[in-house]
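Thanks for coming. I have one structure to go through today, and I will take it piece by piece. Please look at the sequence and the model first.

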Amino acid sequence: MKKTFKRLSALLLAFAMVLALASCGGDTKPSAAPTKEPSQASGEPSTPTGGGSTEDLPVLRVSLHPAYISTPVAYAIFNDMAKDYGFQMDVQVYASGAPQNEALGSGLWDVGVIGGAFVTSVNTYNAYVIGDFIDGREGNAIFVRADSDIAKATGSNPTYPDILGSADTVRGKTLITNLGTTGHVQVQKWLEALGLTEDDIKIVQMDYAAGYQAFISGEGDILATIGPYSTKALIEHADDWVVAGGFISLDLMQYEDVVCSADALENKRDLLVSFLRMVMDANDILAKDFELHVSTYSKWMTENGKEVDEAEARMECTQKPLMTSEQIQELINGNFGEYEKMVWEMSIEAGSIGADTISKLDSNVIPDLMREALAR
């Protein structure tokens with residue numbers, strides 16, 4: 001498995017290099033970013049605002065992360081796109097889904113991009129999932145150290161032949177993750193595949209940055225994380241960490257979500273549709289130009305005080321493709337909402353939300369705005 005892990009890392013890097021070479025004919029780069037103080041990934045938002053004469057345009061308060069998930073909106077910020085869609089953005093950057101949701105509860109933002117923490121957005125704060133826009137499956141991973149007994153346990157579940165670990169080797173171990181997020185979702189499925197539950201292990205709550213550093217320092221036995229930390233691990237720890245499971249090996253769907261507040265849905269519906277159209281257009285642009293995709297992501301991270309090296313940026317952009325308008329149309333016509341249902345049901349099984357909340361999937365996960373945006 002360790003050799004397979006190394007080969008996977010090498011193949012991903014090689015694939016990204018090929019894409020880079022194929023794209024080197026284009027010289028389009030993002031324009032200068034709006035002047036702002038970079039977020040330091042704390043619980044407090046930074047508030048960059050696009051330049052230009054937009055004072056008379058209605059304001060949409062947009063919440064983002066200092067992470068890959070914000071890349072298409074970052075492209076829109078760097079290129080002052082919002083005014084062309086009839087609004088201006090008041091951008092707030094939050095470290096993760098937890099402080100982002102707290103701000104939602106205080107009525108501080110209208111629309112945002114978010115991962116698995118959408119469950120809290122919807123269940124606790126009556127938010128609405130109004131779209132999916134990134135296929136993020138390959139950007140998540142559960143790591144164990146290569147010399148652990150977990151890494152040596154293979155074939156425990158024939159249905160998932162690529163996962164590592166067994167009930168005996170995992171039971172009683174300490175796992176580090178950010179609870180209530182995408183990284184946590186894969187843990188639940190991995191444990192289930194091994195015949196375990198969260199009660200069989202010790203889970204330590206840490207945000208992704210702190211968890212990654214803690215695992216490097218020798219804390220914990222298992223690390224469940226997301227990009228860019230999963231990407232860093234694939235590059236920097238190929239010799240001493242191995243992937244025990246992830247969304248692809250566990251046959252899970254994973255999309256990044258666009259969510260909005262109930263107030264925004266009622267009072268700013270047309271702006272939300274325009275925002276979705278802008279995100280889809282940004283996705284279409286970046287999906288056609290890998291170099292622009294990478295440079296936009298890298299610039300966004302730098303603007304928010306998080307440096308990523310070129311190899312990490314290329315792997316991140318390769319692993320988590322932006323969904324084009326055509327792909328979003330296919331999702332809307334097909335199984336939109338299935339990912340959200342899966343995460344919701346796993347949250348019920350974990351006891352973090354009640355079974356009586358299942359009706360919110362019908363009322364608060366809605367494709368209508370995406371359909372309107374696609375029709376524009």
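Which residue in β2 is the bridge partner of Val62? The partner of Val62 is Val91. Before I go further, note that this is a predicted model.

Strand β1 covers residues 59-64 and strand β2 covers residues 88-93; the two run parallel and are joined by 6 bridges. Helix α2, residues 71-78, belongs with them: β1, α2 and β2 form a β-α-β unit, and that unit is right-handed. β1 also pairs with strand β3, residues 111-114, again in the parallel sense, over 2 bridges. There, Ser63 has Gly112 in β3 as its bridge partner.

In the loop between α2 and β2 sits Asp80. The phi of Asp80 is positive, about 50°, although Asp80 is not a glycine. For background, most residues other than glycine have a negative phi. Another case is Asn126, with a positive phi near 55°. Asn126 is in the loop between α4 (118-125) and β4 (128-135). Asn126 counts as partly exposed, because its relative accessibility is 36%.

Now the overall figures. The protein chain has 17 helices and 10 strands. Of its 376 residues, 57% are buried. Taking contacts with a separation of 6 or more, 82% are between residues 24 or more positions apart.

Next, the interior. In soluble globular proteins, nonpolar side chains tend to be buried together. Here the largest nonpolar core holds 103 residues, and the members that touch the most others are Met89, Phe118, Ile130, Trp190 and Phe275. Helix α11, residues 269-287, supplies the largest share of this core, 10 residues. What does Ile130 touch, if residues up to four places away in sequence are not counted? The list is Val111, Val258, Cys260, Leu272, Leu276, Phe336, Ile366, Leu369 and Met370. There is also a second, separate core of 15 residues, which includes Ala141, Phe143, Tyr208 and Leu234.

Tyr208 takes us to helix α8, residues 208-216, where the buried residues are Tyr208, Gly211, Tyr212, Ala214 and Phe215. These residues lie on the same side of α8, because they cover an arc of only 165° around the axis. What do the buried residues of α8 pack against? On the strand side of the list are β5 (140-145), β6 (174-177), β8 (222-226) and β9 (241-245). The helices are α7 (182-193) and α9 (229-236).

Both ends of α8 have something to point out. At the start, a side-chain oxygen of Asp207 comes to within 3.2 Å of the backbone nitrogen of Ala209. After the helix comes Gly218, with a positive phi near 100°.

Asp207 has a further relation to mention. Leu179 and Asp207 are 28 residues apart in sequence, and their C-alpha atoms are 8.4 Å apart in space. Leu179 is in the loop between β6 and α7. Is Leu179 buried or partly exposed? At a relative accessible area of 38%, Leu179 is partly exposed. Leaving out residues up to four places away in sequence, Leu179 touches His184, Ile203 and Gln205.

Compare a residue in strand β6 itself, Thr174. Thr174 has a relative accessible area of 19%, so it counts as buried, the cut-off being under 20%. Apart from neighbours within four places in sequence, Thr174 is in contact with Lys202, Val204, Gly220, Asp221 and Ile222.

Last item, helix α13, residues 310-319. Why can α13 be called largely enclosed by the rest of the structure? Because 8 of its 10 residues are buried. Those residues are Glu312, Ala313, Arg314, Met315, Glu316, Cys317, Thr318 and Gln319. The N-terminal end of α13 is capped by Asp309, with a side-chain oxygen 3.2 Å from the backbone nitrogen of Ala311.

That is what I have; I will take questions now.

Notes:
Residues numbered from 1 in each chain as written. Predicted model: local features only at pLDDT ≥ 70, side-chain atom pairs only at ≥ 80, totals over all residues. Heavy atoms only, no water. Buried < 20%, exposed > 50% of the residue type's maximum accessible area, 1.4 Å probe, protein only. Helix = DSSP H or I, 4+ residues; strand = E, 2+ residues; numbered from the N terminus. Polar contact = N/O pair within 3.5 Å; in protein donor to acceptor, adjacent residues only side chain to side chain. Core = buried A, V, L, I, M, F, W, Y, C linked by side-chain atoms within 4.5 Å. Contact = heavy atoms within 4.5 Å. Pairing = 2+ DSSP bridges. Right-handed = clockwise from strand over helix to strand, strands pointing away. Arc of directions from axis to C-beta.
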